[in-house]
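Let's take a walk through a protein model together. Have a look at the picture first, and then read on.

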Amino acid sequence: MATTRGLCLIFFAAHVICGGVFAQSMLEQESAKAQGLKLYNQYMGVSAVEPLRIAAEAGDKTAQYYLGETLRLNNMFMTPEAQKWYEAAAKQGDLFAMLRLGDSNDLCHSLGTCAGGGPDWREKALSLAYEDAEQGDTEAMRVLYHAGEGLVWLQKAAEAGDSSAQQQLASRYKAGEGWFLTTGSRKKEIIKWLKRSAEKGFAPGMFEYSLAIAPDNVEEASKWLVRAANLSYVNAVVEYAANLGGLSETYKLPQDFLRGSALMRMVVDISPGDTIRLEMLKEIEQEMNENELAKSQLLTDELRAKLPPLSYFVPVYGH
């Protein structure tokens with residue numbers, strides 16, 4: 001008969017083993033989620049599905065929402081499977097998932113393939129978003145803006161310090177939204193919000209701020225371009241590489257063909273069908289010899305290991 005001490009040892013060993021298995025499973029789920037989100041933000045929707053599904057099936061709310069987004073975008077309309085994952089995220093309180101489910105403009109309505117959703121989800125999203133927004137939740141404010149409740153909610157989110165909202169508000173002003181007495185006052189507000197977004201560390205805000213101030217302050221603009229590129233924002237990386245490689249003089253940067261080639265090669269590697277960027281790479285490399293090309297490839301590998309994964313910083317509810 002097993003002693004009490006023996007039973008305790010068996011229980012302890014089983015606990016350690018189960019705990020180790022659980023920890024390993026959690027690590028695998030987090031790794032799959034990170035891989036799926038990386039691919040999603042590189043517009044590799046087909047490849048993003050399976051890693052996102054691993055995390056979504058484990059109950060991760062963020063993975064569930066982005067799996068729904070990926071499936072919807074891959075098919076260009078809401079499918080029953082996409083709806084399944086939006087609903088899973090919505091039941092865990094994801095407001096953007098609720099808003100997607102309540103979208104009456106989705107193509108599936110015209111095709112007659114919508115499996116459900118409807119206004120109830122939209123009403124729930126609005127109810128919860130108003131409640132959370134009153135408590136200062138900037139994501140809830142952005143939900144209200146995307147729900148068509150007015151530009152004022154994007155303004156409130158920006159004023160509360162949301163860097164994504166600050167960049168988006170500047171973009172909406174640039175597109176003509178909002179009322180300003182003069183074009184000069186509109187431009188001033190655009191630059192103000194882009195600067196705030198940049199100072200908050202949001203890479204798209206940094207890049208757009210650099211473009212906005214480049215005609216008047218190219219030295220400061222160059223600093224923000226490099227910061228955005230070092231955060232691996234694809235549009236900034238392309239612009240930085242083009243300037244280093246002599247394809248653009250917007251930022252008056254010293255030419256560095258090796259680095260320009262390495263950076264552009266990173267972008268081409270994640271967008272092989274992009275003929276424009278492939279041609280840009282060829283132009284940068286056209287006068288480089290074999291030794292320089294080999295060094296550029298080594299630098300590409302170094303940068304890929306050093307920098308965050310390339311990303312378009314796809315908006316949560318952008319398309």
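**The largest pocket**

The largest pocket has a volume of about 480 Å³. On a 1 Å grid over the protein atoms alone, a pocket is an open set of points with protein on both sides within 12 Å along at least five of seven lines, and lining residues have an atom within 4 Å of a point. The volume is the space filled by probe spheres set on the points. This is a predicted model: local features need pLDDT of at least 70 and side-chain atom pairs pLDDT 80 or more, while totals for linings use all residues. Residues are numbered from 1 along each chain, and side-chain values use heavy atoms, without hydrogens and water.

Of the 22 lining residues, Ser164, Phe202, Phe313, Val314 and Pro315 are the closest to the centre of the largest pocket. Helix α10 (163-174) and helix α8 (138-146) each supply at least two lining residues, and α10 gives the most, with five. Helices here are DSSP runs (H or I, at least four residues). By class, the lining has 10 nonpolar, 10 polar and two charged residues.

**A pair of helices**

Now turn to helix α3 (residues 61-75) and helix α4 (residues 80-90), whose axes come within 8 Å and cross at roughly 155°. Axes are lines fitted to C-alpha atoms, with angles from 0 to 180 degrees between N-to-C directions. α3 and α4 are therefore roughly antiparallel to each other, a label for angles over 145 degrees. Residues in their contact include Tyr65 and Leu71 of α3 and Trp85 and Tyr86 of α4; contact means heavy atoms within 4.5 Å.

Notes. Angles under 35 degrees count as roughly parallel, over 145 as roughly antiparallel, 65 to 115 as roughly perpendicular and the rest as oblique. On a 1 Å grid over the protein atoms alone, a cavity is a set of points where a 1.4 Å probe fits but cannot get out, and a pocket is an open set with protein on both sides within 12 Å along at least five of seven lines; lining residues have an atom within 4 Å of a point. Ala, Val, Leu, Ile, Met, Phe, Trp, Tyr, Cys and Pro count as nonpolar, Asp, Glu, Lys and Arg as charged, and the others, Gly among them, as polar.
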